[in-house]
Amino acid sequence: MDNIAKVKDFVLTFTSIFYEALPFIILGAVIAGILEEMLPQRLLTRFLPRSRTLAIIIGAVLGLVFPMCECGIIPVMRRLIRKGLPLSCCVAYLLAGPIINVVVMLSTFVAFSGMENAVEPGGGLAYQMGGWWMMSLRIALGFLVAVGTAHIVEWQYRLYGSKLLMPLAIPAKVDINEDGEEAEEKRSAWQRLSNITDTALHDFIDITVFLILGALLAAFTRQIVTQEMIADLSRNHAVLSIVLMMLLAVLLCLCSEADAFVAASFITLRPAAKLAFLVLGPMLDLKLYMMYTRVFRPRLIYTIFLSVIIQVFIYSYVTHLLWEHYAPQFMVAPVPTPGGK
Amino acid sequence: MTHDHSHGDRNAYYLNQLFTIAVCGALGGVAVMLWWSGTIRLMLHPKFFLWVLLGGIALLVLVVLRAVAVWRSIDELAAVSDHVHDHEDCGHEHEPCHHHAHEHGHEHGWQPWRYVVLLLPVVLYLLNLPNQGFSADAGGSELNRLSLSAPESVRATGQASVGFVELQQASLTPESRDYYEGKTVTLTGQYLAYSPKRFTLRRYKIACCAADAVKLDAVIMVDDKAAEKVDPDTYRDKWVEVTGRIHFFPKPGSNEFITALILYPTKDEPISQLVKIIPPPATPWLN
């Protein structure tokens, strides 16, 4: 393969990651601009339950009501933190939102539908997970990881406070008027529109720079590490396959709507390794790391990443043990029709 | 709680605004042009085409609104500046810019490196890149590392109209393999050289974008008894249309099956008829 072809493939990978994310970054930036200008400070906190655990759980399932992809969610989340929404709730939404939403649930289901019928050469069932299993376990593990990590973030926030956040994400101070209410400056519609565009373009630039750097990094990595390489290495080792698929999720930087189709293409790989890939990818990859640096200080980024990586590995390995033990007891080989007709 | 800009950083602020408007305008314009020219088909699944167009338009609208706001703020600034000069003896000052008399969490520092990074997609567009799908041998081919022997013969069992994706799925179950074995089909894909008697036909399937492309490879073999061969130099990196009989090989060291087409050239149908060079399709992906 000549160098020109390599450069062209690199450019194609980079531009495809960039233009796929671009519309959603713009959408996120516009929502961020509207939130910043129109949402009164601390309004959201009034509607949150007093129990922090309950608030975190609500944050983790918020994607069902407000679906956002992992790129578009970042500018929105930064503004929500500034508006006084607890950091732990925002982190729960950030981590679980790209997994627990209808679009991703459907794509996971479709990608794995029929996989339960995959057979070994001798005709025996390969014990792969079908659409329902993979979708349900992805949601369950995503929820557990997000809620667990959000609790750790809450504990860290109580210790370090706003030192965990970049200046742009630190909650703004509230001016209280003589009546003890939040003072609001009166602005004309044009002024509001002007401020919305200012914030939206500012956030768009701020996040997009790091999206580009992350996409470049991902495109470069893909030139070196191929899916076949990972599949070859992990074929016969359960633990290794989980670890390598987690690594692949970090390197590939796929959007959560598409990653299920890539995971499903590893036909013979152990289901738990595919699950690890599907849960970790929307929470942690190269481009997300670059974009997180615009919201969180390194201490918080590494806390989140460590928590997510350890939990995903443990939950996936437990799933592997349970699946290997129980799947042969309840899965019965169906009789497929020729050619899938 | 004011967000005023001192005279010292006011220049940086306006420089930043001008570059923001210019770069965002360029990115929005490129997004619209990618949709308009159809180049977006090289990168994304069709379900994202409209999103890219709407994103580009939204960015352009934001840019126009921002440009007007900045223009108006300069007028107001000039008026306030005159006003301040008129009141030099009064011993009081005014807000330099009414529009920014609130805190909205911005960094307006001048960071030119960010605009250099942001211009990268624009520069690539001007260089007409990307201008094709993945090269045929991107990431190599696992099939080209396998040693396979052509079958003695594959009994013809009729014609079938089947695509690359369906054929790959057909390799998964014994029933579908039995059904398709020996059927004569025509497939299109990129030629990936192996030997004069064997090559790999490649397509990519995408779910969202080129980054999630999954390779779908099929082995193409010329009947061992045939004298004709496929000249790799003629077909290298070309798009081809291949007609042959389906055969499924057990993959060595794995529990998967490999989909193959076996070519049986005759006087009436020589290799040049069974392996035809075709122009690259406008959309290189299977969805």
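This is a predicted model: local features need pLDDT of at least 70, side-chain atom pairs count only at pLDDT 80 or more; totals for chains, interfaces and linings use all residues.
View 1. Chain A has 14 helices and zero strands. Reading along the sequence, the pattern is simply α-α-α-α-α-α-α-α-α-α-α-α-α-α. The C-alpha trace of chain A spans about 80 × 50 × 40 Å along its principal axes. For the 341 residues of chain A, a compact globule would come out at a radius of gyration near 20 Å, and the 22 Å of chain A agrees with that.

**View 2. Helix α3 meets helix α7 in chain A.** Here we zoom in on α3 (residues 52-61) and α7 (residues 131-160) of chain A, whose axes come within 10 Å and cross at roughly 135°. On the α3(A) side, look for Arg52(A), Ile56(A), Ile57(A), Gly59(A) and Ala60(A). They meet Phe143(A), Ala146(A), Val147(A), Ala150(A), His151(A) and Glu154(A) of α7(A). Sorted by class, the contact of α3(A) with α7(A) has seven nonpolar, two polar and two charged residues.

**View 3. Helix α1 packs against helix α4 in chain A.** In this close-up, α1(A) and α4 (residues 73-82) of chain A pack at an angle of about 15°, and their axes are 7 Å apart. That makes α1(A) and α4(A) roughly parallel to each other, and α1(A) passes α4(A) in a right-handed crossing. From α1(A), the contact uses Gly28(A), Ala29(A), Ile31(A), Ala32(A), Leu35(A) and Glu36(A). From α4(A) come Ile73(A), Ile74(A), Pro75(A), Val76(A), Arg78(A), Arg79(A) and Leu80(A). The class tally for the contact of α1(A) with α4(A) is nine nonpolar, one polar and three charged residues.

**View 4. Helix α1 also packs against helix α8 in chain A.** The partners are α1 (residues 3-38) and α8 (residues 189-224) of chain A, with an angle of about 155° and axes 7 Å apart. At that angle α1(A) is roughly antiparallel to α8(A). The crossing in which α1(A) passes α8(A) is right-handed. The contact of α1(A) with α8(A) splits into 22 nonpolar, seven polar and six charged residues.

**View 5. Chain B touches chain A.** This view moves to the chain-chain contact, where 63 residues of chain B are in contact with 63 residues of chain A. On the chain B side, the elements giving two or more residues are α1 (7-37), α2 (49-86), α3 (112-118), α4 (120-126), α5 (164-170) and α6 (174-180). Of these, α2(B) gives the most, with ten residues. The side of chain B that touches chain A is made up of 38 nonpolar, 15 polar and ten charged residues.

**View 6. Two domains of chain B come together.** Chain B is divided into domain 1 (7-126) and domain 2 (143-286). Domain 1 of chain B puts seven residues into the contact, and domain 2 of chain B puts in eight. The side of domain 1 of chain B that touches domain 2 of chain B has four nonpolar, two polar and one charged residues.

Technical notes
Residues are numbered from 1 along each chain as its sequence is written. Chains are lettered from A and ligands numbered from 1 in the order in which they are written. Two residues are in contact if their C-beta atoms, placed from the backbone, lie within 7 Å. Helices (H or I, at least four residues) and strands (E, at least two) are DSSP runs, numbered from the N terminus. Ala, Val, Leu, Ile, Met, Phe, Trp, Tyr, Cys and Pro count as nonpolar, Asp, Glu, Lys and Arg as charged, and the others, Gly among them, as polar. Axes are lines fitted to C-alpha atoms, for helices over the stretch in contact, and angles run from 0 to 180 degrees between N-to-C directions. Angles under 35 degrees count as roughly parallel, over 145 as roughly antiparallel, 65 to 115 as roughly perpendicular and the rest as oblique. A crossing is left-handed if the near helix is turned anticlockwise from the far one by less than a right angle, and right-handed if clockwise. Domain bounds come from an automatic or database domain assignment. The radius of gyration is taken over C-alpha atoms; the globule rule is 2.2 Å times the number of residues to the power 0.38.
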